[in-house]
Each structure stands twice: as structure tokens, then as C-alpha cells.
Amino acid sequence: NAMLETSVYAPCDAGEQVTLSHAGLTFGARIGADGQMMMQVPALIEQASVNLTFADGREQSDATHVPDLAGIERVALFWQGPATLALHAYEFGAQYGEAGHIHPGSPLPADGAEHGFVTLLGDPALQGSQLAQVYSFPRRAGSQQGQVVLEIEVPVTDASCGAPLQVGAIEVHGTVSAQARQIRLEMPACDGNGGYLVLPGVLAELQIALN
């Protein structure tokens with residue numbers, strides 16, 4: 001499923017905050033108390049590299065070829081914490097809460113045979129860290145064809161209200177060059193009411209066809 005298996009062993013930096021970046025996608029993480037960190041990063045380009053920046057500015061990177069990216073439809077959403085966003089995908093006419101509704105609360109495993117999946121990146125506990133969510137649909141996953149509708153949901157909290165949110169998006173359609181853009185989300189005033197801002201149509205629908 002074009003996932004980069006990323007591991008770090010840095011015992012002298014145990015517990016430290018680091019920044020990872022890949023093809024324009026940046027997010028924060030923390031090395032474990034044992035000096036190790038492991039995660040899966042969705043590949044956005046075929047000749048993929050991941051760069052790791054330590055708190056003191058040191059950098060390390062590694063690269064690999066991703067041959068199965070050709071069969072992937074993928075959309076990445078990234079922003080600056082502590083605001084919280086949620087990327088929702090409605091596959092082939094699915095409605096809210098149905099089996100084809102994929103979202104951070106029900107991301108489904110990356111090895112699913114008949115559906116897409118959501119990958120959560122970044123540690124929301126880190127102050128001011130970049131966060132990201134990536135929806136992926138392997139075109140070889142099943143025999144279904146049609147549309148996947150994408151929607152952004154933003155809880156209205158003290159961290160998100162009263163000012164526009166700047167959100168980045170990267171769209172990947174197989175090995176075609178990834179398309180990146182910036183999205184400005186106009187947030188309501190901080191009136192203490194809370195609730196959610198649901199934004200359909202901000203992200204383009206995915207057209208799923210068999211290989």
C-alpha cells in the first residue's frame with residue numbers, strides 16, 4: 001500500500017521532540033524513552049525520502065523506491081496544532097456512520113481488502129507541532145468503482161475559533177506528480193458554543209477506477 005516503514009534509533013536523544021518531513025508533508029513526533037521511534041508514513045512520491053530533524057538542528061535522511069505507488073489514490077491534510085481537524089472519506093455513496101465512512105475515529109487497517117484507510121501523523125501532545133491525516137485508497141483493493149467524497153470536520157474550540165486556519169493539502173493519483181495547495185478555513189467567533197464546522201467540497205472527489 002505504498003507505506004514507508006520508518007524507524008529511528010537515537011539513544012542519546014531519548015524523549016526528544018523531532019520533526020519528520022516527506023515530499024512537502026511535515027509533522028512532529030517524539031523519540032521514545034528507549035531511544036526508538038517506529039511509524040508508517042504514506043509515500044507521496046515514487047522516489048521517496050524521509051528527513052528527520054532533531055531539536056538541535058541535526059538532520060538524517062533515508063530514501064527508497066516505492067513501486068506500488070502507481071495503484072494508490074491518496075490525499076494528505078496537514079496543519080499546525082493545537083487545533084484539531086478530521087478528514088472524512090465517504091466511499092461509493094456511503095453515508096455517515098456506514099461501513100464505507102472512513103475517518104480518524106474509524107480509520108480501518110492499512111491491509112484492508114475492500115476499503116481505504118486513514119493514517120494519523122504527528123503528536124498532538126507536542127506544543128505547536130505539525131499534525132497530519134492521510135486518506136489512502138488502493139485501487140487494487142477490490143472491484144468497486146466510483147467516487148470517494150472527502151470532507152473536512154473541525155471542532156470549534158479555543159484552539160481553532162476566532163481566526164482563519166491555514167491547512168495544506170497534497171493529492172496523489174498514482175505516479176502522476178503530486179498536487180499541493182494551501183486552504184484557508186474561515187472559523188467562527190469564540191462565543192463559547194463549541195460545535196463542529198463541516199466543510200464538504202473543499203477537497204476534490206476521488207474518482208476510483210480499476211487498474
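Student: In which strand does E73 lie?
Tutor: The model discussed here is predicted. In this model, E73 lies in strand β7.

Student: Is E73 buried or exposed, and at what relative accessible area?
Tutor: The cut-off for buried is under 20% relative accessible area. E73 falls under that cut-off, so this residue counts as buried, with a value of 6%.

Student: Which side chain joins that of E73 in a polar contact of 2.6 Å?
Tutor: Leaving out residues up to four places away in sequence, E73 touches Y135, S136, F137, R139, V172, H173, L206, Q207 and I208. The polar contact of 2.6 Å joins the side chain of E73 to that of H173.

Student: How many salt bridges does a search of the whole structure find?
Tutor: Side chains of opposite charge can pair when their charged atoms come close. A search of the whole structure for salt bridges gives a count of 4.

Student: How far apart are the closest N and O atoms in the salt bridge of R58 with D13?
Tutor: R58 sits in the loop between β5 and β6, and D13 in the loop between β1 and β2, so that distant parts of the chain, 45 residues apart, are linked. R58 is partly exposed at 38% relative accessibility, whereas D13 is buried at 11%. The closest N and O atoms of R58 and D13 are separated by 2.5 Å.

Student: How many residues apart in sequence are the parts tied together by E171 and R181?
Tutor: The side chains of E171 and R181 meet in a salt bridge of 4.0 Å, N to O. E171 belongs to strand β13 and R181 to strand β14, so the pair ties together parts whose separation in sequence is 10 residues.

Student: Which residues have the most contacts inside the largest nonpolar core?
Tutor: The largest nonpolar core has 29 residues. Strands giving two or more residues to this core include β2 and β4, and β5 gives the most, with 4 residues. The residues with the most contacts inside the core are V18, L20, L25 and M37.

Student: Which residues does M37 touch, not counting those up to four places away in sequence?
Tutor: M37 is one of the residues with the most contacts inside the largest nonpolar core. With residues up to four places away left out, M37 touches T6, S7, V8, V18, L20, A29, R30, I31 and L52.

Student: Which strands stand at the edges of the open sheet of 4 strands?
Tutor: The strand order is β3-β2-β5-β6, with antiparallel pairing. An edge strand has a single partner, so one side of it is left without a neighbour in the sheet; the two edge strands are β3 and β6.

Student: In β3, which residue is the bridge partner of H22?
Tutor: β2 and β3 pair in the antiparallel sense over 6 bridges. The bridge partner of H22 in β3 is L25.

Terms used. Residues numbered from 1 in each chain as written. Predicted model: local features only at pLDDT ≥ 70, side-chain atom pairs only at ≥ 80, totals over all residues. Heavy atoms only, no water. Core = buried A, V, L, I, M, F, W, Y, C linked by side-chain atoms within 4.5 Å. Buried < 20%, exposed > 50% of the residue type's maximum accessible area, 1.4 Å probe, protein only. Contact = heavy atoms within 4.5 Å. Polar contact = N/O pair within 3.5 Å; in protein donor to acceptor, adjacent residues only side chain to side chain. Pairing = 2+ DSSP bridges.
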